[in-house]
Each structure stands twice: as C-alpha cells, then as structure tokens.
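Follow this walk through the model with the structure open beside you.

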Amino acid sequence: MKYAVVFSLLATPVLAQDVDFSDPALIAFGQEVYTDFCLACHGEEALGGNAPDIQGSILSDITQAIRGTDQMEPVELYEGEPEAVTAYLMSLAPEVAEAKLRLQAARKQGSK
Ligand code: HEC
C-alpha cells in the first residue's frame with residue numbers, strides 16, 4: 001500500500017517547480033508523513049498540542065521549520081515529503097493557506 005502511494009507520487013509533478021498541492025494522492029501521503037514526524041507535537045489535524053496549530057502552513061513555513069527553530073528540533077525528511085506535508089496542512093485550512101500565499105506573492109512583487 002505504501003509503495004502504491006509512492007508510485008502515484010512519482011507520477012505527480014512533486015519534484016517539479018509547480019507542485020499540485022491539491023492532488024489527493026499527495027495529500028494522503030502527506031498525512032502519513034505528518035503522522036510519523038509531526039503529530040506527536042503538533043497534535044491531531046495539526047490543531048496544536050505541545051506545539052502550535054500549523055493548519056494552513058505553506059511550503060516556505062515547512063522548509064523553514066524542519067531546518068529547526070529555537071524550540072523545534074530539525075526534522076529530516078526525504079525529497080518530496082515537505083511538499084506532501086504541506087499539501088496535507090493546506091488541505092486542512094485552505095483559506096489560511098491561500099491568505100499566506102497571497103501575502104507571499106505580494107511580498108515578492110514588492111521586492112522586485
Ligand atoms: C518535538 C516536537 C516537534 C516536532 C516533532 C515537530 N515540531 Fe514543529 N514545532 C515545534 C514547536 C515547539 C514549535 C514552536 C516553536 C518555534 O516555532 O520555534 C514548532 C513550530 C513549527 C512551525 C512554525 C509554527 C509557527 O507558528 O511559526 C511549523 C510550520 C512546524 N513546526 C512544522 C512542523 C512539521 C511539518 C513537522 C513534521 C515534519 C514538525 N513541525 C515536527 C515542535 C515540534
């Protein structure tokens with residue numbers, strides 16, 4: 001089963017620049033990654049526990065956090081897994097994710 005998920009992942013543009021974060025296979029894989037590496041601290045459905053609510057996090061939040069912060073140890077993920085976790089977290093709170101993406105896009109425009 002796990003292999004089937006990985007296979008369908010390879011068929012998605014997960015490693016390409018343009019990730020389809022709404023891909024159900026990517027979201028399902030991301031939920032597994034989340035359960036294995038994040039749930040203990042961030043809680044069921046990422047609503048928080050021993051660590052903040054991270055629903056709606058976008059890729060830049062994840063890549064930054066897994067490098068480690070003051071209070072969060074670095075988490076080593078394989079290639080493609082940060083994108084998958086992001087897809088899962090975005091699916092839990094799409095409106096939060098969208099607001100973050102808009103802000104990020106606006107910042108990028110401003111810095112040109
Ligand atoms: C050992 C506990 C622990 C684990 C495991 C953990 N985190 Fe965290 N995480 C924290 C704590 C505590 C914070 C808040 C402190 C901070 O931001 O430095 C945090 C912060 C974050 C933030 C920033 C939240 C904010 O409001 O700024 C993100 C995003 C995040 N974690 C994602 C993840 C992801 C994704 C995983 C799994 C791959 C994960 N974390 C695994 C403890 C953990």
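Start with helix H2 (residues 24-37) and H5, whose axes come within 7 Å and cross at roughly 100°. Helices here are DSSP runs (H or I, at least four residues), strands are runs of E of at least two, and both are numbered from the N terminus. Axes are lines fitted to C-alpha atoms, for helices over the stretch in contact, with angles from 0 to 180 degrees between N-to-C directions. H2 and H5 are therefore roughly perpendicular to each other (65 to 115 degrees; under 35 is roughly parallel, over 145 roughly antiparallel, the rest oblique).

This is a predicted model: local features need pLDDT of at least 70, side-chain atom pairs count only at pLDDT 80 or more, and totals for chains, interfaces and linings use all residues. Residues are numbered from 1 along each chain as its sequence is written, and side-chain values use heavy atoms, without hydrogens or water.

Which residues of H2 and H5 make the contact? From H2 come Leu-26, Ile-27, Phe-29, Gly-30, Gln-31, Val-33, Tyr-34 and Phe-37. H5 supplies Glu-81, Glu-83, Ala-84, Val-85, Ala-87, Tyr-88, Leu-89 and Ser-91. Contact means heavy atoms within 4.5 Å. By class, 11 of these residues are nonpolar, three polar and two charged.

Now find Phe-21, in the loop between helix H1 (2-10) and H2. Phe-21 is partly exposed, at 21% relative accessibility (buried is under 20%, exposed over 50%, partly exposed in between, with a 1.4 Å probe and protein chains only). Beyond its neighbours within four places in sequence, Phe-21 contacts Leu-26, Ile-27, Leu-59, Glu-83, Thr-86, Ala-87 and Met-90. Phe-21 and Met-90 lie 69 residues apart in sequence, yet 7.6 Å apart in space, C-alpha to C-alpha.

Ile-58 sits in the loop between H3 and H4. Ile-58 is buried, with a relative accessible area of 5%. Not counting residues up to four places away in sequence, Ile-58 touches Thr-86, Ala-97, Lys-100, Leu-101 and Gln-104.

Last, the metal. His-42 (NE2) and Met-72 (SD) coordinate the iron atom of the ligand at 2.0 to 2.1 Å. His-42 lies in helix H3 (residues 39-42) and Met-72 in the loop between helix H4 (59-66) and helix H5 (81-92), so the pair ties together parts 30 residues apart in sequence. His-42 is buried, at 10% relative accessibility, whereas Met-72 is partly exposed, at 24%.

Technical notes: Donors are N, O and S atoms within 2.8 Å of the metal (3.2 Å for Na, K and Ca); water is not among the atoms, so sites may look incomplete. Ala, Val, Leu, Ile, Met, Phe, Trp, Tyr, Cys and Pro count as nonpolar, Asp, Glu, Lys and Arg as charged, and the others, Gly among them, as polar.
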